[in-house]
Amino acid sequence: VIGDRPTAVLAHGLGGSSDLPIPYTYALIGAAWALTFTFAVVALAWRRPRFDAAKPGRPLPARITTIVDAPATRWTAALVTLLLAAWVAVAAVIGPQDGSNPLLGVFYVFLWVGLVALSLAVGPVWRAISPVRTLYRLTPPSRRDAPSAYPPAWGYWPAALGLFAFVWLELASADPGSLAAVKIWLLLYLGVTLAGTLVFGTRWCARADPFEVYGVVASRLSPLRRNVDGRIAIGNPFDHLPSMPVRPGTVTVLAVLLGSTAFDSFSAMPQWRNFVDAHADSVPLGAVAIRTVGLLVFIAVVATTFSLAARATGGVDRRTRRELPGRMAHSLIPIVIGYVFAHYLTYLVERGQQTVIQLFGLHAEVGYVLSTHPTVLATLKVCFVVAGHIAGVVAAHDRALHLLPRGHQVTGQLAMMFVMVGYTFTGLYLLFGG
Amino acid sequence: VTTLKIIQTLTAFTAAALITAGCGGSTSSDSASTPSASAPASTDAPQMSDQQNPPTRLVIDVTIKGGEVTPTNAQYQSAAKELIVVRINSDVADQLHVHSNPEHTFNVEPKSGQSFQFTVDVPGKVDIELHQLNKTIATVTVQ
């Protein structure tokens, strides 16, 4: 008997199938390329730093900057997004209360992956369209000074916590497909972000809104940027990358992003699922607790290995050594973005279509353009991972030349290269399915 | 000169990579066989929709007894548009969810000899899950 009952959803809270594992040969070729490039960069590449965040990009026509910065453009973008958010909220309340509600797709696909793609293409857009910022701008407190100054020591830590809360809901909680859970999460997000903004002003959005910080991270790899004079310019993303602000928590933000993506594919492995099933009854809170610990371990491993590798050099004093992980952190961005796209591209393209169809009640069919071409998809995945790795290695090499004293510039970056190769091999292994 | 050296090194490595990859590929291609799907019992084949059964199909036998599910987290291979049959002996009512694109849902009743059949058209890894017991029976890799 086939019943069209409400379909509860499991994987990623969105249901449907997940990607095929990449073929063994693809993983091997990707790994070989990653090794080759790392070797080539360390041994043969340039010996003088080339990239500089202060180097201005090639300015685009002034008209573009004028149009983008015009209050009319800003208000239109902000208000359209606010209306869309309101539409999603209405759909979340009066729409079907099951897996076919568009809220899930908006949350897991558009907010998590779509925003990254958009920020990578055109820059940190969440700053311009964030519904919280728009609401704040519409209220009187925004025209006064903020009651308190944001404590600099907090840095990006609140955002790291927010990002962890997101990946926890998606990968560790009891039912990521639960509409109620997503609604509670979003209400908490709105509450915390609005309250923080009322207390600390928009600096709270810039430092503590997980989506804004994620967008800033992705935007550092964008060819589009602003010159010092505010002109919109196009330039080498490697010059743009080092402009990632170094604040307390920067490394943690990146570790949450990379660690959670790796945990995502790890948790699909049957060995892990058997382990969770076997031990779920013997620990308090069961499977949720085990998955939470697993997620935390993945994040901690990334944060620890990266920090140790960045510090593993001779010829620097203690204070400089402590600063090294933060100042190298931007080189993780391409690895994170490459890995995120390798994982979630099908989600963005196919679930994205599904979400738009659900959101506006369209009578259209989802085109499974990637799933039906597994070879193309596998090639794309390996290309994303390897390209991210190469860009990460290049950025790390250049920054090492900047930071490390002469005589330690080659040996001082070996540990970092080793760790990056480790990330990429692990990533390919997980995409290959273990 | 340095550029030339880099290019030479890269070419050498690529060649090495391709050779390694080629070797690995030829040994590991154990074709999309269907483990434990050997017995397509034709006697109690469900008469549901398919007029023309494809020559091959995947049969998964499931037992639900006293809250225990066998198998769990099993791995199977299948091909797109190939018939997949899940035969269930159960002592409780539950719901069978097939996380394919689009999804399938079947009601499991507390009785023996039920079978449910479906095809998966879009390649991917498809979880077959029991909703109430919250257990994944199997993941079918549909090529």
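The questions below go from rings to helices to backbone. This is a predicted model, where local features need pLDDT of at least 70, side-chain atom pairs count only at pLDDT 80 or more, and totals for chains, interfaces and linings use all residues. Residues are numbered from 1 along each chain as its sequence is written, chains are lettered from A and ligands numbered from 1 in the order in which they are written, and side-chain values use heavy atoms, with hydrogens and water left out.

Q: Why is the pair of Phe107(A) and Trp185(A) called edge-to-face?
A: The centres are 5.2 Å apart, so the rings pair, and the planes stand at 65 degrees, so the pair is edge-to-face. Phe107(A) is in helix H4 (residues 102–122) of chain A and Trp185(A) in helix H8 (residues 179–200) of chain A, 78 residues apart. Helices here are DSSP runs (H or I, at least four residues) and strands likewise (E, at least two), numbered from the N terminus.

Q: Why is Phe107(A) called buried?
A: Buried means under 20% relative accessible area, exposed over 50%, partly exposed in between (1.4 Å probe, protein chains only). Phe107(A) has 1%, so it is buried. Trp185(A) has 11%, so Trp185(A) is buried too.

Q: Why are H7(A) and H14(A) called oblique?
A: Helix H7 (residues 157–171) and helix H14 (residues 286–311) of chain A have axes that come within 10 Å and cross at roughly 135 degrees. Axes are lines fitted to C-alpha atoms, for helices over the stretch in contact (heavy atoms within 4.5 Å). Angles run from 0 to 180 degrees between N-to-C directions. Under 35 degrees is roughly parallel, over 145 roughly antiparallel, 65 to 115 roughly perpendicular, the rest oblique. H7(A) and H14(A) are therefore oblique to each other.

Q: Which peptide bond joins Thr70(B) and Pro71(B)?
A: A cis bond, with omega about -5 degrees. Most peptide bonds are trans.

How values were computed. Rings of Phe, Tyr and Trp (its six-membered ring) pair if their centres lie within 6.5 Å; planes under 30 degrees apart count as stacked, over 60 as edge-to-face and the rest as tilted.
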